[in-house]
There are 2 protein chains.
Amino acid sequence: MFSVTILGNNSAVPAHGRHPTAQVLQTPDHLFLIDCGEGTQMQMNAYKIRRSKINHIFISHLHGDHYYGLIGLLTSFGLNHRTNDLFIYSPKVLKEIIELQLHVANANLPFKIHFYNLEKEEIIFEDNKISVECFKVNHRISCWGFLFREKKNLRKIDTGKIKKYNIPASFYENLHEGKDFIAGDTIIKNELLTTSVSPAKSYAYSADTAFHEPIVEKIKGVDLLYHESTYLDALEKKAVNRFHSTSKQAATIAKKAGVKKLLLGHFSSMYETLDEFKTEASEIFENSDIAEEGACYFV
Amino acid sequence: MFSVTILGNNSAVPAHGRHPTAQVLQTPDHLFLIDCGEGTQMQMNAYKIRRSKINHIFISHLHGDHYYGLIGLLTSFGLNHRTNDLFIYSPKVLKEIIELQLHVANANLPFKIHFYNLEKEEIIFEDNKISVECFKVNHRISCWGFLFREKKNLRKIDTGKIKKYNIPASFYENLHEGKDFIAGDTIIKNELLTTSVSPAKSYAYSADTAFHEPIVEKIKGVDLLYHESTYLDALEKKAVNRFHSTSKQAATIAKKAGVKKLLLGHFSSMYETLDEFKTEASEIFENSDIAEEGACYFV
């Protein structure tokens with residue numbers, strides 16, 4: 001199971017108690033940080049995020065409301081004696097910014113940072129359970145979405161049944177993959193020999209983007225889509241000019257991609273309340289919700 | 001009259017709801033920002049600081065807890081269409097850091113920033129009512145304190161009395177300065193011709209520093225001294241090693257300098273509560289107080 005905790009749901013200028021973009025994706029094995037606006041480390045304190053568990057940080061683009069909190073987090077990691085390697089995925093130049101700031105502070109971090117430049121659509125992290133892929137979105141500067149996808153969960157072998165039906169070990173891999181056991185005329189249905197596990201989950205983070213149909217193919221059928229929704233429908237023209245999206249545009253992407261649920265975020269400071277975003281999006285895609293700071297959304 | 005509003009009173013790692021260093025000094029004509037740790041712009045929202053009135057920002061040194069919030073504040077100034085020139089006083093390299101971050105964001109600020117490098121002890125800002133002087137403190141990297149001093153307030157001429165005693169205009173300047181009127185045998189006491197105005201105020205900000213006696217001469221007799229007090233007395237050795245001060249060391253500086261009041265700040269995250277700082281400092285210098293976030297201290 002995945003869960004996403006929202007640390008910041010506002011766009012560029014913090015207002016109405018809302019913070020710039022940051023969220024934490026919890027998977028069975030990882031705590032991934034996605035974007036890191038100013039104040040992220042304080043929000044982690046407020047919402048009790050176990051920051052020492054974060055080993056991978058994904059920065060969508062180098063507008064400040066998505067990374068100004070990173071240097072403070074790294075400095076605090078250092079002051080808290082972190083030693084684990086840290087992997088940061090971002091457009092290039094971030095490394096230069098971070099290293100310049102550490103240099104003037106005469107600071108040597110007690111852990112190693114591996115910077116990975118986002119340059120093309122590809123899988124940027126993978127282990128035996130999950131993959132993370134970056135995909136291009138359409139913003140004023142180079143900007144990337146991230147798709148977190150659990151690998152297909154293998155069925156679990158029922159050892160009692162294996163014994164009973166005398167299944168050879170050479171067939172176990174087929175059983176894991178859901179195949180029936182066949183030996184001559186004998187067919188034993190997979191369901192008799194294995195038990196199911198929870199289905200593989202997926203989460204897509206669309207970053208900052210204008211309405212951009214190519215995203216649809218990338219995120220098809222994900223369980224949860226976070227899509228920016230800086231403006232309400234009435235300001236569609238402003239959204240276009242600024243390479244942002246409206247509530248209805250976000251919902252249209254969700255609908256076309258057939259996702260299970262849509263989470264809206266990155267709200268403009270001009271909106272003091274957010275209910276209208278949900279109302280507008282729901283007209284197009286029913287299972288739409290507001291990304292509330294501090295709330296945890298299960299996938 | 002001056003007033004100091006504390007936006008952050010914690011040292012490097014934000015904790016217990018406390019923020020890194022930032023404070024705003026209000027004088028009759030200016031709103032000066034002194035240091036600008038991460039989250040300063042959010043704290044300005046929380047405490048209703050009229051940020052558009054800030055034209056001068058003083059950064060004591062380039063440890064992150066004193067300036068990581070600056071780039072976010074500048075970006076927000078830009079997004080809020082600021083056009084007034086902004087003056088930033090800091091150790092060099094800050095300009096390079098800021099400009100690199102603006103460059104990667106493809107951001108052109110709609111206002112001009114004048115960067116002023118702190119390199120020697122001197123008056124760095126002055127108008128007809130106030131001067132700001134920087135002075136060296138003793139920290140791990142180049143670090144500066146700031147002394148804000150109102151110019152001697154001139155006495156106000158009572159125009160009715162001037163007429164009555166037929167004082168020539170050529171003598172007005174002497175009257176402003178408090179001199180009696182003398183013409184032959186006639187002496188008219190200044191108090192008969194002028195009224196007093198409030199005495200000139202002064203505020204010293206000692207930045208991050210180890211116990212450093214040369215500060216005493218710089219800040220002699222100021223109305224309010226803010227002095228860092230990262231540790232309690234029991235950790236004096238740690239304070240020495242890290243170029244920080246204890247509560248008692250801060251109080252000793254205040255006492256030697258004969259200041260009117262001492263404000264303690266920059267508390268280590270290891271302390272959940274702060275009362276003990278005041279207790280310890282008061283043993284040496286009675287008029288000691290804790291710099292509480294959100295509180296406004298009048299000078």
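Q: Which residue follows helix α9(A), and is its phi positive or negative?
A: Helix α9(A) is followed by Gly258(A), and the phi of this residue is positive, near 60 degrees; helices here are DSSP runs of H or I with at least four residues, strands are runs of E with at least two, and both are numbered from the N terminus. The model is predicted, so local features need pLDDT of at least 70 and side-chain atom pairs count only at pLDDT 80 or more, while totals for chains, interfaces and linings use all residues. Residues are numbered from 1 along each chain as its sequence is written, and chains are lettered from A and ligands numbered from 1 in the order in which they are written.

Q: Why is α9(A) described as largely enclosed by the rest of the structure?
A: A residue is buried if 20 or more other C-beta atoms, placed from the backbone, lie within 10 Å of its own, exposed if 12 or fewer do, and partly exposed in between. In α9(A), 8 of the 11 residues are buried, so the helix is largely enclosed by the rest of the structure. Among these buried residues are Gln249(A), Ile253(A), Ala254(A) and Ala257(A).

Q: Which elements do the buried residues of α9(A) pack against?
A: They pack against helices α7 (214-219), α8 (236-241) and α10 of chain A, and also against strands β15 (224-228), β16 (261-265) and β17 (288-290) of chain A.

Q: At what angle do α9(A) and α10(A) pack, and how many Å apart are their axes?
A: Two packed helices are described by the angle between their axes and the distance between the axes. Here α9 (residues 247-257) and α10 (residues 275-284) of chain A pack at about 35 degrees, with axes 8 Å apart; each axis is a line fitted to C-alpha atoms over the stretch in contact, and angles run from 0 to 180 degrees between N-to-C directions. The residues that meet include Ala250(A) and Ala251(A) in α9(A), and Phe277(A) and Ile284(A) in α10(A), where contact requires C-beta atoms, placed from the backbone, within 7 Å.

Q: In what order do the strands of the open sheet stand, and which strands stand at its edges?
A: Strands of a sheet pair through backbone hydrogen bonds, either parallel or antiparallel. The open sheet of chain A has 7 strands in the order β6-β5-β4-β3-β2-β1-β18, with mixed pairing, two strands being paired if DSSP finds at least two bridges between them. At the edges stand β6 (113-117) and β18 (296-298) of chain A, each with a single partner strand, so one side of each is left without a neighbour in the sheet. The twist averages 20 degrees from one strand to the next.

Q: How many bridges join β1(A) to β18(A)?
A: Strand β1 (residues 3-8) of chain A is joined to β18(A) by 3 bridges, and the two run antiparallel; Thr5(A) stands opposite Cys296(A) in β18(A).

Methods
Two residues are in contact if their C-beta atoms, placed from the backbone, lie within 7 Å.
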